[in-house]
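Dear colleague,

Please find below the structure that I am handing over to you. I would be grateful if you would look through it before you read the notes that come after it.

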Amino acid sequence: MSDQTQVRLLYRAGALGIAIFSLGPILYMALTAVSVRPDFLSPDAGFTVTAAHFVSVLRTTSLHFPEYLRNSLIVSGLSAAFCVAIASPAAYAITRLPLPGRILFLLCILAVSLFPPVSMVSYLFQVMGNLGWINTYPALVLPYIAWILPLSLWILTSYFAQVPADLDRAALIDGCSRLAILRKVIFPVAAPGIFSTALLAFIFAFNEFLFALMLTTDHAARTVPVGIALFEGLHGEIPWGVVMAASVLTTVPVVLLTLVFQRRIIQGLTRGAIKG
Amino acid sequence: MRLTFSAVSKTFLSLRGPVRAVRGVDLAVGEGEFFVLLGPSGCGKSTVLNLAAGLVKPNSGEIRLGGRVVASRDGKVFVSPKERNVAMVFQSYALYPHLTVFENIAFPLRVAGVTKDEIDKAVNQAAGMLGIGDIREARPAELSGGQRQRVAIARAIVRKPALFLLDEPLSNLDAGLRASTRSELKRLQRELGVTTVYVTHDQTEAMTLGDRIALLRDGRIVQTGTPEDLYERPETPFAASFIGQVPMNLVDASVREEGGDLYLRLGEARLLLPPGPAARVRSIGSAEILFGIRPEHIGIARGTAGSPATGTVTALENLGREVLLQVRVDSLPLSVLTNDKSIREGDTVALDIPLEAAHFYEEGVG
């Protein structure tokens, strides 16, 4: 076997291994969701396809799945929107102002996000309780913004730093104010960065479990991850088929968002601003 | 519109301490003049341009544009670039990558809130002047360097600026394109009659484009004058060596007075100074001086017949029309430009050094 074939073989084996490792659980989830019995792998069970789990997730009002999904979309959407709205002018200022010790500043911001959420959750519970915000959207959106903002700022800073400063100068000369530059030049040029940051912030908030578990009490504000975890069958057993069907439905918006935004996350938009 | 700088200074702060980019610069650019800021990299010429544009605030001094004070630290005046009506072409072109050529050129007009019809008219006119009407829908990434350059110039002239600023606009073009764009820029500036400040480190560009040139070094203006002034009468050794296709020869020499006549000693050679140069040498008032002569002014012939200065050819560069020779006169190295292609390396040659065309400087003065 030549070296090249060996390398190619190893490469493919590695790729296959990673794919199975990452996608295996998802495949298992999807299969469980459409199987009549959750233990379809055991010899005496057998695999029969059914849509009953999906129907019951969407139709059973006591499960409140549609409400959980709505809460998740609203909370994650708001968190992502606020994060980008706050982080982008901040990142613009960090990349453009003559700030000595800029990296120190950025490291301090990063340090804020290093506190483990579990260390803050009891305190947060008290604050939200005193404010009377338990089981409302702000109780989740505010901590999510604080938690995701440092990361958003770091990503946007690296994107904005790639936009040549000559573009700012050109726009200043052409009569733009700093805010107009941000809106008319930086945003469009760094659009891939904005979209990936927004998407990442959305996914972070969408997947968050701990805060959502502690700060919500029912379907008025409870998000999908917590909702699914608290699904219970009639007799106290875990309804695996329904849980998996709900999980499949939950991945749909995230996958859709990724696919839609992927078309906008095109690199190379800055190519041509500077002599290439 | 006239542009004047009075004692303008700018210091940038960095972690390694303050950087004094511009130190007490005085400038006066006349109405419709093509003014060139020339100097080596790091001399502060781009900062001067940014000060004129309003991208940088001066630490001291005053800048006026058309009689109006646009920046003065003491008078607490600073007029933003937007209100100065200046246009600028950047070395990197700085085209907006997300906009088409048409939208790039239209950008300053859109920001100014000009009506659609007027924008169409102005953009088409500017694009027509630069011959880029056929690429209006292309994006910057699809354009060649020369085309990007033209778009950048079109964007600058489209709103009829009071002051036209160019920051090394030709340095990213290849040699052929650079020469043609150079003459086109000159023509365009004449046609528009707009006051222009042009920054470059290339003395050829400065000499061919400028009505007047300011030579900068370490944030200070070394000399201001017409291209002829700078070539014929460089006031310092730095100006002498910076201007000219082939740098001027600058060598140590000494002066002796013998019987009322002044003699210049170049190595072993002893040359009688004619009255004009003698008077200039006397005004320096030192026996040890720096002697400057341009390579194109030195005459050269093979052999040594009766010549006061002789030397050996140590290296030879064929420039096509001319040959550049390195000649060693005793221990002094001199460059000589000649049309005589029969001279070879190692030849002994006689040099004719016309002292009327020579320059004399005090030793040890930049």
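This is a predicted model: local features need pLDDT of at least 70, side-chain atom pairs count only at pLDDT 80 or more; totals for chains, interfaces and linings use all residues.

Chain A

The secondary structure of chain A consists of 12 helices and zero strands. Along the principal axes, the C-alpha atoms of chain A fill a box of roughly 75 × 70 × 30 Å. Of the 276 residues in chain A, 33% are buried. If one takes the contacts in chain A between residues at least 6 apart in sequence, 78% of them join residues at least 24 apart.

Helix 7 of chain A, residues 165–173, is mostly covered, with seven of its nine residues buried. The buried residues are A:L167, A:D168, A:R169, A:A170, A:A171, A:L172 and A:I173. What do the buried residues of helix 7 of chain A pack against? Within chain A, they pack against helix 3 (65–96) and helix 8 (178–189). In chain B, they pack against helix 1 (45–53), helix 2 and strand 7. Just after helix 7 of chain A comes A:G175, which takes a positive phi of about 105°.

Chain B

Chain B contains an open sheet of five strands in the order 2-1-4-5-6, with antiparallel pairing. Strand 2 (17–29) and strand 6 (77–78) of chain B stand at the edges, and each has a single partner strand, so one side of each is left without a neighbour in the sheet. Helix 1 of chain B packs on the sheet, where it touches strand 1, strand 2 and strand 4 (60–65) of chain B. The direction of helix 1 makes about 65° with that of strand 2 of chain B.

The pairs of strands can be followed across the sheet. Nine bridges pair strand 1 of chain B (residues 3–14) with strand 2 of chain B in the antiparallel sense. In this part of the sheet, B:V19 in strand 2 of chain B is the bridge partner of B:F12.

Strand 4 of chain B and strand 5 of chain B (residues 68–72) run antiparallel and are joined by four bridges. B:A71, in strand 5 of chain B, is the bridge partner of B:I63. Strand 4 and strand 5 of chain B form a hairpin with two residues between them, and B:G66 in the turn has a positive phi of about 60°.

Strand 5 of chain B is also joined to strand 6 of chain B, by two bridges, and these strands run antiparallel. Here the bridge partner of B:S72 is B:V77 in strand 6 of chain B. The hairpin of strand 5 and strand 6 of chain B has four residues between the strands, and B:K76 takes a positive phi near 50°.

The contact between the chains

How many residues of chain B are in contact with chain A? There are 25 of them, and they contact 21 residues of chain A. Helix 2 (81–84), strand 7 (86–89) and helix 3 (101–112) of chain B are the elements that give two or more residues to the side of chain B that touches chain A. Helix 3 of chain B gives the most to this side, with four residues. The residues of this side divide into 19 nonpolar, four polar and two charged.

Yours sincerely

Terms used
Residues are numbered from 1 along each chain as its sequence is written. Chains are lettered from A and ligands numbered from 1 in the order in which they are written. Two residues are in contact if their C-beta atoms, placed from the backbone, lie within 7 Å. Ala, Val, Leu, Ile, Met, Phe, Trp, Tyr, Cys and Pro count as nonpolar, Asp, Glu, Lys and Arg as charged, and the others, Gly among them, as polar. A residue is buried if 20 or more other C-beta atoms lie within 10 Å of its own, exposed if 12 or fewer, and partly exposed in between; C-beta atoms are placed from the backbone. Two strands pair if DSSP finds at least two bridges between them. Axes are lines fitted to C-alpha atoms, for helices over the stretch in contact, and angles run from 0 to 180 degrees between N-to-C directions.
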